[in-house]
Amino acid sequence: MSFKNVIGHTRETKILQGIIQRNRIPSSFLFTGVDGIGKSLIARNFVKVINCLDPKENDCCDRCSSCKKIDALKHFDIYTVENTEQDIKIDKIREIECFAATMPLEAKMKFIVIDNADRMNPNAQNAFLKTLEEPPKHCIIILITSSPDLLLDTIKSRCFQLRFKPLSMAESLSITRQYGIKQNFNLFIGMPGRIISNDTMDIISFFSSILDDMYKGEVKENWKDINEMKQWLELLIVFLRDLSIRDLKIDDNQLMLNLRNTQQRFDDVLKIYDDILSLYIKSDMNLNKKIVWNYVRTLLVK
């Protein structure tokens, strides 16, 4: 897929094409925005344009051997750390440093693309700083994250930052229908990648089961780690949004998570919403999962 065939992200694409046209390409980029909106797709297309053997109008041909190898993740000069649930440790950074130290074998520029860059642990981030501070002239780095606050300020300050927004409903539907998905998952409006990944129903089931445990009075938290807790809090905010508008006699299609009819009054729901939103904002601060579980359960089961 070339830039011209990408649905949405017109602003971001024009910025990147302008950088290419001026031939003033930063040594490192930071792509930020929520999951499932196409940050990795744009990054791959940018890599393709730079290394395309037959580029036209600051876009890739999508046909040459370089473009095909990059799409297949089989290009010798492109080092990709794909979406991972595991921490990125210092050993991986050492591999990246070795890769960056050598000249390209066939590409115009080497690329290092790290998806979920916030997964770098503190030691890995500190080690990676050296590469950002003294970047090889033949190598460009792209960091991709939905949680930029987890990255060191010194890393962010050395990158050209590009913020991606969720897609419009029309753009999202256009993408999902290309994959034969006709159901409109309002929960993931603007994030078609979350729907295409086929884990949508699993995510909703995961949220609902933990919510049921809380209403039943379970005292043992069931999140495996902080990231899963944060994901669950995101869904709880959506759930509370639904509760706050349930009495407006709106169409069910406007609800995102129509899971449970609780007895909380409107004012109570708004108060819980504010408390949970405040908690979510602090969720990157290594909060104790058990304390968070008991706090949320207390709010919901008053």
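**Exercise 1. Identify the residue of β4 that stands opposite Ile 114, and describe the pairing of the two strands concerned.**

Solution. In this predicted model, Ile 114 faces Leu 143, a residue of β4. The next step is to consider the strands themselves. Strand β3 covers residues 110-114 and strand β4 covers residues 139-145. They pair in the parallel sense, and five bridges join them.

**Exercise 2. Determine the order of the strands in the sheet, and explain why one side of β2 and of β5 is left without a neighbour.**

Solution. Begin with the order: the open sheet is formed by five strands, arranged β2-β3-β4-β1-β5, with parallel pairing. Then examine the edges. These places are taken by β2 (78-81) and β5, and each has a single partner strand, so one side of each is left without a neighbour in the sheet.

**Exercise 3. Compare the span of α1 with its expected value, and find the elements against which its buried residues pack.**

Solution. Helix α1 runs over residues 10-22, which gives 13 residues. From first C-alpha to last it reaches 18 Å, close to the 18 Å expected at 1.5 Å a residue. Its buried residues include Leu 16, Ile 19 and Ile 20. The buried residues of α1 pack against β1 (28-32), α2 (39-51) and β5 (160-163). Just after the helix, Asn 23 takes a positive phi of about 55°.

**Exercise 4. Carry out the corresponding analysis for α5.**

Solution. Helix α5 (residues 122-133) contains twelve residues; it reaches 17 Å between its first and last C-alpha, close to the 16 Å expected at 1.5 Å a residue. Among its buried residues are Ala 124, Phe 128 and Leu 132. The packing partners of the buried residues of α5 are β1, α4, β3, β4 and α6 (153-156).

**Exercise 5. Report the confidence of the prediction, and locate a stretch with pLDDT below 50.**

Solution. The chain has a mean pLDDT of 84, and 87% of its residues reach 70 or more. Over residues 254-259 the pLDDT is below 50. Beyond near neighbours in sequence, this stretch has 25 contacts in the model.

Key: Residues numbered from 1 in each chain as written. Predicted model: local features only at pLDDT ≥ 70, side-chain atom pairs only at ≥ 80, totals over all residues. Heavy atoms only, no water. pLDDT = per-residue confidence, 0-100. Contact = heavy atoms within 4.5 Å. Helix = DSSP H or I, 4+ residues; strand = E, 2+ residues; numbered from the N terminus. Expected span 1.5 Å × (residues − 1). Buried < 20%, exposed > 50% of the residue type's maximum accessible area, 1.4 Å probe, protein only. Pairing = 2+ DSSP bridges.
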